[in-house]
Amino acid sequence: MDIFSISSTVQCIHTPPPISAATLAGKHHHAPTTTSAASTILASNSSQDNTKKPATNSADFRRPITNKPLTTSTSHSSHLPENPLKKFVNSNYSSPVTNSPSHDSLSNKLWLSSKLSPPPPPPPPPLPPLKETLQENEVEDEDFDNSEENEKEVEFREKGKIFVGNLPLWIKKMEVAEFFRQFGPIKNVILIKGHDELERNMGFGFVIYSGDTAEKAAMKAVEFDGVEFHGRVLTVQLDNGIRIKGKYAERARWVEGKEENRSKWHEERDGSRRGLQKVLESQPENWQAVVQAFERIKKPSRKEFGLMVNYYARRGDMHRARETFEKMRARGIEPSLHVYTNLIHAYAVGRDMEEALLCVRKMRDEGIELSLVTYSIIVGGFARIGNVEAAELWFKEAKERLPALNAIIYGNIIYACCQTRNLNRAEALVREMEEEGIDAPIDIYHTMMDGYTMILKEEKCVMVFGRLKECGFMPTVITYGCLINLYTKIGKVHKALEVSDMMKQAGIKHNMKTYSMLINGFIKLKDWANAFSIFEDVIRDGLKPDAILYNNIIRAFCGMGNMERAIRTVEEMKKERLRATSRTYMPIIHAYAKARNMRGALNVFDMMRRSGCIPTVQTYNALILGLVEKCQMEKAVNILDEMLLAGISPNEHTYTTIMQGYASQGDTGKAFEYFSKLKNEGLELDIYTYEALLKACCKAGRMQSALAVTKEMSAQNIIRNTFIYNILIDGWARRGDVWEAADLMQQMRQEGVQPDLHTYTSFINACCKAGDMLRAMKSISEMEAVGVKPNIKTYTTLIHGWSRASLPEKALKCFEEMKKAGLKPDKAVYHCLMTSLLSRATVAEDYIYAGILSLCEEMVGGGVSVDMGTAVHWSKCLRKIERSGGGITEALQKTFPPDWNSHNTLNGISDGFDEDDDDNDYTRSYKSDGEEDKNLVESFRF
């Protein structure tokens, strides 16, 4: 379970980052610019040098409409603070000619300066008396201020931008661009929209040229002033920056707190903007209210579009975020860094990093550099999809291009490393972050705890928890949830309950995620009572169970075998308006399939489809597995065909399950057929696929084909494990080839694969079939030396070997050793040993008679009875010992089935039984623990 779904995303950063992803659209970087503009306009006379001052790049700002004429108004200068440096400069101007270089240098910087700026002021009259000189200095001061203002006006102009007026109201951007493209490459066309009718143009706009020839292209376009265009005489002029200057002046007045009379339209639009902001803050979950608030804005600006892109990004709706982004561009609003970052955030949340990278390339094509927030979002996006290599590349690029990083981007790359279980790299990043002087927030502690939980490192996880408290952080529900998740995964549910008590003492309440973890822990232990007890605690705390909690309860009912109660729980989910998914129905279908009740499994499958839930490949796999376990291969193949008709592609587990079914029947042809299909469809060939193929070969006795399969495994770099060796040893044991089995045992040791109980049992079976009982007993000693204890299947195999060697006394001795080891004999042991003793009873040795009577007494005392076929076979052996009946016959008949003395039953039984039927019965009853464990593992591989 992903621990970071415990609660909504939390960003708790000690050192505040430049900007967070959640507020990208709402925060514009105009504040510093506004302050600069205000100081430029209101305090221009504080400049220390009035000549050769480079104009700042103002390409991102609009232009003022008109240039303020040079006046000698004293009211303007009265608002400005007195600058001592200005008097010092003016004192050096002994003649009026001293101002002309300033104007000449200004004129050289302008295009058509006579059209954009008024001529310089006339020279002052000759020097009057001292009083007039003081007045003249004041005028010169104002002239000097105005000259500085003229120089500032140049900053509002953008090279290559022209004004186009008297356009038709129906004109489109494409047609304007097509006409003006003859003068040079066009960067953008801006048509001013109407206030009330947003689809109608106002009749004027701007054309911005790009490239090194932008200035020349604009000059050529101005020469076409007065040309006819679609029945109208165009007005083409160089842009004078009036609109941007007006905005700067408006911002400066707002900074000073001066109120101005605004139109009703502007007031309504500002009210709509504030309404959108209020809805975003108070009702973010109500998307309809947010959309309606946005639509009420008559002419949204870049800020409002950015807010909506950010809103859709946080919801993970990348398609609507892109739609809003394109609407903004269609209105002629060029996206800024923040809008692009919000769009990339939307694609990152939607796990579509290819589109996110396309947005990055578009940003760079437009000359917009990535910010720290953009890099952080990209790294986090790759971390979510598990592509740690790409995350590392972008993190490295951010380190190279940015002056400093913050805790958020470090947290994202650490999360990527933890998700791939690379905790060594995560620890190195934490050290690097601390060396950079960045304090780790609590989220990074949670990430590290979750990473140690994935690799089941209890000691380090607890150490991080202690360090968290030492650093002054208060543990949250996420912190305690990490510990609960750890202890439930490693099976220490009692410690998870201790953590739960710690939460209650700290005043922290459980949420649905922590309760689900506790229920999962008890389900793993098959402690159904405590699992349901936790569910009752959820109801008692007033929490409303969600779909995940209901799914866990359904798993608990299915684990108990109470599938009917699980189905009723599904109905309760529907009453609570919770949508049942394929994960809801999967445990029920699998439980029915495991119980070999395929009718119930198919009924639940139909109920699942009727409820509108689309079956997945895992659902079909559960049905196929149930049919395979019942040896109904035709029906299993029909389910596979139905799966293909439904448009669901089988995966490697589907074909492996089909191969397992044919392998159990020894049908190597069908097994290889589906192996070829799996290979041709490009699916992954794993070790389980080759296991199924080897089982089919060994079951059919085709050991040469099995060796060819092992060679292909080596070519695919698939290492042979214990299960593979067990299958091969079983195959050679069926043929009684103890030498090949011994070679495989030697190969296992050389490759470092440790033999398990199944391996030794299979090898002992090969020795017994070959009659090499000395090697079999040596294997028993070797087992005990390495700490592997024989089980009842091992002793059964050994007893059968002594029986085949006609040494019943050894078989009896082995039987006694088995009982001393604390193992309870089963029906297969009794059958094997009794058959061996009866076959040697004609020798009339006392220990054989005593053994038969002892076995009969144990069987009767343990309630063990044999089937009718075994009873008939034993009765034939009794006829050779006691033709007229006796003590052995009387004792042995007590183990026969109840209807043994029925005449009809006796007549219905065939007299033809071979002497070697004991081998066949034993072979049918023999099934090693390793195979059972393997089947259990395979049953959970969906």
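Buried means under 20% relative accessible area and exposed means over 50%, with partly exposed in between. Keep that in mind as we walk through this predicted model.

Let's start with the charges. Side chains of opposite charge can pair when their charged atoms come close, and this structure holds 30 salt bridges. Take Arg329 and Glu366, whose closest N and O atoms are 3.0 Å apart. Arg329 sits in helix H13 and Glu366 in the loop between H15 and H16, so this pair ties together parts that are 37 residues apart in sequence. Arg329 has 22% relative accessibility, so it counts as partly exposed, and Glu366, at 28%, is partly exposed too. The two also belong to a salt-bridge network with Glu334 and Lys362.

Further along, Lys492 and Glu458 meet at 2.8 Å, N to O. Here Lys492 is in the loop between H22 and H23 while Glu458 is in H21, so the bridge spans 34 residues of sequence. For a local case, look at Arg540 and Asp537, with 2.3 Å between the closest N and O atoms. They're three residues apart in helix H25, which means about one helical turn separates them. Arg540 is exposed, at 59% relative accessibility.

Glu435 belongs to helix H19 and counts as exposed because its relative accessibility is 70%.

Now for the inside. Helix H11 buries Ala289, Val290, Val291, Ala293 and Phe294, and these pack against H10 and H12. Over in helix H26 is Asn552, which counts as buried because its relative accessibility is 5%. Beyond its sequence neighbours within four places, Asn552 touches Ser516, Ile519, Asn520 and Ile523.

Definitions and conventions
Residues numbered from 1 in each chain as written. Predicted model: local features only at pLDDT ≥ 70, side-chain atom pairs only at ≥ 80, totals over all residues. Heavy atoms only, no water. Buried < 20%, exposed > 50% of the residue type's maximum accessible area, 1.4 Å probe, protein only. Helix = DSSP H or I, 4+ residues; strand = E, 2+ residues; numbered from the N terminus. Contact = heavy atoms within 4.5 Å. Salt bridge = Lys/Arg side-chain N within 4 Å of Asp/Glu carboxyl O.
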